[in-house]
Amino acid sequence: MTASDCPHCGRRALSPSRKLLLGPSASIACRACGRRVGVAFGKAWLALSPGLLVAASGLLVAHASVRHLPMILALDGLALAAMFAAYAWWVPLQRR
Ligand SMILES: [Zn+2]
């Protein structure tokens, strides 16, 4: 059972990229059985929390000196990559 498997039928409900477009409160029809599935709410918000850090670092950039900019942008990139990976492969699907 992977994080993209349908909780109704056990088959693959959607692609990881489609899952990224699905918000924590939205639901989608499983492409195998057609019943509604959505991401697990608590884990979804936890997975999206690096996005808040990236937003916070935007404020930091306004005050930081230019030589710190590449480091901040690199950390932002890492945080976003971790966020997308966690959302696609760690947050399970639930029945809706
Ligand atoms: Zn299904």
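**Terms and the values behind them**

The protein has three helices and three strands, where helices (H or I, at least four residues) and strands (E, at least two) are DSSP runs numbered from the N terminus. Read from the N terminus, these elements follow the order α-β-β-α-α-β. This is a predicted model, in which local features need pLDDT of at least 70 and side-chain atom pairs count only at pLDDT 80 or more, while totals for chains, interfaces and linings use all residues. Residues are numbered from 1 along each chain as its sequence is written, and side-chain values use heavy atoms, with hydrogens and water left out.

Q: Why is Cys30 called buried, and why is Cys9 called partly exposed?
A: Buried means under 20% relative accessible area and exposed means over 50%, with partly exposed in between (1.4 Å probe, protein chains only). Cys30 has a relative accessible area of 3% and therefore counts as buried, whereas Cys9, at 26%, counts as partly exposed.

Q: How many disulfides does the structure hold?
A: A disulfide is a pair of cysteine sulfur atoms within 2.5 Å, and the structure holds zero of them.

Q: Why is Gly38 called buried?
A: Gly38, which is found in strand E2, has a relative accessible area of 0% and is therefore buried. Leaving aside neighbours within four places in sequence, Gly38 is in contact (heavy atoms within 4.5 Å) with residues including Leu22, Ala26, Pro92 and Leu93.

Q: What makes a set of residues a nonpolar core, and which residues have the most contacts inside the largest one?
A: A nonpolar core is a set of buried Ala, Val, Leu, Ile, Met, Phe, Trp, Tyr and Cys residues joined through side-chain atoms within 4.5 Å. The largest has 14 residues, and those with the most contacts inside it are Ala13, Leu14, Val37, Val39, Tyr87, Val91 and Leu93. Strand E2 (36-39) and helix H2 (41-63) each supply at least two residues of this core.
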